[in-house]
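Here is a short briefing on one protein chain. Look over the sequence and the model before reading on.

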Amino acid sequence: MPFNSFTVGTAVTPTVIETYISHYVNRKPLAQKPTAHISYHEGLNLIRQFLLYASHHTVEDIQRFTSQWVPCPHWVKVDEVTVPPESITKAADALQIQLGPKGIQQVGGKTWWQWRRDASQLSADWIEMRGDYNERVKKGLKAKRIMFYVHGGAYFFGSVDEHRYQLQRHARKLKARVFAR
């Protein structure tokens with residue numbers, strides 16, 4: 001069976017409906033649990049069902065599905081930037097100092113962080129609510145809060161595109177800029 005938005009939707013829809021109904025039928029037992037909030041309860045069960053469904057597909061299928069481009073709504077400002085090579089080198093030096101010889105050995109050596117091909121650029125996104133950006137620029141202010149987000153998929157599958165909705169929610173709730181890679 002193919003692994004695409006339609007088949008994933010078909011696989012998780014019964015769980016979404018079942019969770020919605022059971023959430024309200026079993027409301028009292030949930031009162032003191034994190035699942036007392038419908039969005040958390042739905043999200044948790046949705047992810048569980050997605051992972052179960054994904055476990056029956058190949059890694060290549062999952063990579064193809066999770067690397068799809070996700071559009072950005074007009075109320076979110078996204079600026080793609082390139083991290084200069086000298087900043088990458090400076091960050092690597094700082095990491096190596098922080099890790100020390102023993103830590104460097106544990107993570108796989110001094111060049112473990114060099115996952116890119118030679119001469120390829122490291123790009124990242126600045127994500128911010130457009131309204132917050134306009135207000136900040138109008139007042140001539142710098143951002144008071146910045147969240148640094150590193151994608152946790154080990155670059156094996158998924159991307160910042162896939163997590164942009166989550167990142168824009170963080171930006172909105174924190175009234176912050178998010179630097180995402």
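How many aromatic pairs does the count come to? The count comes to six aromatic pairs. Rings of Phe, Tyr and Trp (its six-membered ring) pair if their centres lie within 6.5 Å; planes under 30 degrees apart count as stacked, over 60 as edge-to-face and the rest as tilted.

This is a predicted model, in which local features need pLDDT of at least 70, side-chain atom pairs count only at pLDDT 80 or more, and totals for chains, interfaces and linings use all residues. Residues are numbered from 1 along each chain as its sequence is written, and side-chain values use heavy atoms, with hydrogens and water left out.

**Aromatic rings**
- Phenylalanine 3 and phenylalanine 50 form a tilted pair, 6.0 Å centre to centre with 50 degrees between the planes.
- That pair links distant parts of the chain: phenylalanine 3 lies in the segment before H1 and phenylalanine 50 in helix H3, 47 residues apart.
- Phenylalanine 3 also forms an edge-to-face pair with phenylalanine 65, at 5.0 Å centre to centre and 75 degrees between the planes.
- Phenylalanine 65 is in helix H4, 62 residues apart from phenylalanine 3.
- Phe3, Phe50, Tyr53 and Phe65 form one aromatic cluster.
- Phenylalanine 3 has a relative accessible area of 10%, so it is buried (buried means under 20%, exposed over 50%, partly exposed in between; 1.4 Å probe, protein chains only).
- Phenylalanine 65 is buried too, at 18%.

**Helix H4**
- Helices (H or I, at least four residues) and strands (E, at least two) are DSSP runs, numbered from the N terminus.
- In helix H4 (residues 59-66), the buried residues are Asp61, Ile62, Phe65 and Thr66.
- Seen down the axis of H4, these residues fall within an arc of 120 degrees, so they line one face of the helix; the arc is that of the directions from the helix axis to the C-beta atoms.
- Their cover includes H1, helix H3 (38-54) and helix H7 (160-174).

**Valine 78**
- Valine 78 sits in strand E1 (residues 76-83).
- Its relative accessible area is 28%, so valine 78 is partly exposed.
- Leaving aside neighbours within four places in sequence, valine 78 is in contact (heavy atoms within 4.5 Å) with Cys72, Asp125, Trp126, Ile127 and Arg164.

**Whole chain**
- The chain has seven helices and four strands.
- Of its 181 residues, 31% count as buried.
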